[in-house]
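Subject: Structure handover

Hello,

Here is the structure I promised to pass on. Please open it before you read the rest of this message.

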Amino acid sequence: MYQYSCMNAISEVGLQKFTDQYTKTEVKEDADALLVRSAALHDMEFSDKLAAIARAGAGVNNIPLERCAEQGIVVFNTPGANANGVKEAVIAGLLLASRDLADGINWVKAESGNEDIAKLAEKEKKNFAGSEIKGKKLGIIGLGAIGILVANTAVHLGMEVYGYDPYISVDSAWNLSREITHITDVNDIYRECDYITIHVPLLESTKKMINEEAIAEMKDGVILLNYARDLLVDEEAVVKAVQSGKIRRYMSDFPNTTTAGVKNCIVTPHLGASTSESEDNCAVMAVKEVMDYLENGNINHSVNYPTCDMGKCKGVCRVAINHKNIKNMIGQFASVLGEADMNIANMANQSKGEYAYSLFDLDTQITDEVVEKLKNVQGVLRIRIL
Ligand SMILES: NC(=O)c1ccc[n+]([C@@H]2O[C@H](COP(=O)([O-])OP(=O)(O)OC[C@H]3O[C@@H](n4cnc5c(N)ncnc54)[C@H](O)[C@@H]3O)[C@@H](O)[C@H]2O)c1
Ligand SMILES: O=C(O)[C@H](O)COP(=O)(O)O
């Protein structure tokens, strides 16, 4: 039996995928797996029982990845599962930034008791006039799951699309429309584009990538969209630029005291992935990842451990070892098993940065004594027998 705990509300469509081997617990210390959306886990202590954390979503900046890896806790996310939801929010953002729909709607609300509203509207509408996106240049920074969907949709809406991503995956490159101009110097996006949208992960290297210098390179009256993370942008510099008119509008999905309520900053309360479809997709993917890891030891879509998948165990038992990526680990594991007269029927070993993961299918049941010997190999972080 396994136990899981939810750190945020997780879609029932996903939770229903758990079989009767799983029960939900409110006691986090009892959980084998945690499911989370944006709840901040940086200050949370993790029990020795916890084997997996699944982020039902894309961004993992709310999870201490390194600390988890060191404790042998595999962290998963659900790449692409909410990308369509975010794409649609970004397209809405493009239109809201171009047409003064928000102020127009607010004006109608304010005048709702006015009997002359229809006549007055015809007089006032000039105050809410905008521009069209067709024929305008859109620069996309980050062509991953969301960036490519935005890029391809914007092409269909008649925009001229420029894309920048020095680390683009082969999959993304295959899925990108040929109409998109490939940019290798991000400054060309800043200099050329009428609209700029960012879709990169929040990492040390991307923090405040949109800063005063980047803004200075941009066209006057540019529209900037941020449905990725607020810390990617120096928002104090953005607010100054909005107030001076350098940036016509700043669209953000991340409210904070810097941008909330500022004229021409249109901020939504982190709604990008808040659609029933995205919430279901993310939860289903997260639950499947957790079950495959807890039951079979397979790792798919982890952000702190390598992908390692041997399907279902074909031997008598499977030994799953989370360990440091240092030399001679496999040799030591094989020696311990060989000395105990245990044959390895099948095995896999993969590494990612400082961490590695090994799976061994054995022809015989492993004993507690051998498990203890494997645990004592220096660099081993966790062992599970499945
Ligand atoms: N608003 C929301 O609700 C919401 C929902 C989902 C994701 N997000 C955020 O959107 C962002 C993108 O998510 P995704 O699912 O597309 O992720 P992804 O991993 O599929 O794509 C990110 C892309 O950014 C590229 N990249 C990394 N560093 C870069 C750099 N310095 N310059 C240019 N490109 C760079 C990567 O190569 C990758 O192709 C993330 O920050 C994520 O947290 C927000
Ligand atoms: O990174 C993500 O997937 C998004 O920011 C969505 O976050 P949420 O699951 O809290 O809506």
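Below is what I found, starting with the whole chain and ending with single residues.

**Overall**

Please keep in mind that this is a predicted model. The chain has 386 residues, and 48% of them are buried. It contains 13 helices and 16 strands. The C-alpha trace spans about 90 × 45 × 35 Å along its principal axes.

Three domains divide the chain. Domain 1 comes in two segments, 1-82 and 275-305. Domain 2 covers 83-267, and domain 3 covers 310-386. The centres of domain 2 and domain 3, taken over C-alpha atoms, are 49 Å apart.

I also looked at contacts between residues at least 6 apart in sequence. Of these, 63% join residues at least 24 apart.

**Ligand 1**

Two ligands need your attention. Ligand 1 has 26 residues around it. The closest are Ala-145, Ile-146, Asp-165, Val-200 and Asp-253.

Which of these make polar contacts through oxygen atoms of the ligand? Ile-146 is one of them: a backbone N or O atom lies 2.9 Å from a ligand 1 oxygen. Val-200 also uses a polar backbone atom, at 2.6 Å from an oxygen of ligand 1. Asp-165 uses its side chain instead, with an N or O atom 2.6 Å from a ligand 1 oxygen.

**Ligand 2**

The surroundings of ligand 2 are Arg-37, Ser-38, Arg-55, Ala-56, Gly-57, Ala-58, Gly-59, Asn-82, Arg-229, His-270 and Ala-273. Side chains supply the contacts I noted here. Ser-38 places a polar side-chain atom 2.5 Å from an oxygen of ligand 2. For Arg-55 the distance from a polar side-chain atom to a ligand 2 oxygen is 2.9 Å. For Arg-229 the side-chain N or O atom is 2.8 Å from an oxygen of ligand 2.

**Aromatic residues**

There are 8 aromatic pairs in the structure. One of them joins Phe-333 and Phe-360: the ring centres are 5.9 Å apart and the planes meet at 85°, so the pair is edge-to-face. Phe-333 sits in helix H12 (residues 329-339) and Phe-360 in strand S15 (residues 355-362), so the pair ties together parts that are 27 residues apart in sequence. Phe-333 is buried, at 0% relative accessible area. Phe-360 is buried too, with a relative accessibility of 0%.

Elsewhere, ring pairs link Tyr-2, Tyr-4, Phe-18 and Tyr-22 into a cluster. A charge also meets a ring: the charged end of Arg-384 sits over Tyr-293, 4.2 Å from the ring centre.

**Thr-25**

Now for one residue up close. Thr-25 lies in the loop between strand S2 (22-24) and strand S3 (33-36). Is Thr-25 buried or exposed? Its relative accessibility is 8%, so Thr-25 counts as buried, because buried means under 20%.

What does Thr-25 touch, leaving aside residues up to four places away in sequence? The list is Gln-3, Tyr-4, Ser-5, Asp-30 and Ala-31. Tyr-4 also belongs to the aromatic cluster with Tyr-2, Phe-18 and Tyr-22.

Best wishes

Terms used. Residues are numbered from 1 along each chain as its sequence is written. Chains are lettered from A and ligands numbered from 1 in the order in which they are written. This is a predicted model: local features need pLDDT of at least 70, side-chain atom pairs count only at pLDDT 80 or more; totals for chains, interfaces and linings use all residues. Side-chain values use heavy atoms; hydrogens and water are left out. Helices (H or I, at least four residues) and strands (E, at least two) are DSSP runs, numbered from the N terminus. Buried means under 20% relative accessible area, exposed over 50%, partly exposed in between (1.4 Å probe, protein chains only). Contact means heavy atoms within 4.5 Å. Rings of Phe, Tyr and Trp (its six-membered ring) pair if their centres lie within 6.5 Å; planes under 30 degrees apart count as stacked, over 60 as edge-to-face and the rest as tilted. A charge sits over a ring if NZ of Lys or CZ of Arg is within 6 Å of the ring centre and within 35 degrees of the ring normal. Domain bounds come from an automatic or database domain assignment. A residue is near a molecule or strand if one of its heavy atoms lies within 4 Å of it. A polar contact is a pair of N or O atoms within 3.5 Å; within protein, one must be able to donate a hydrogen and the other to accept it, and residues adjacent in sequence count only if both atoms are side-chain atoms.
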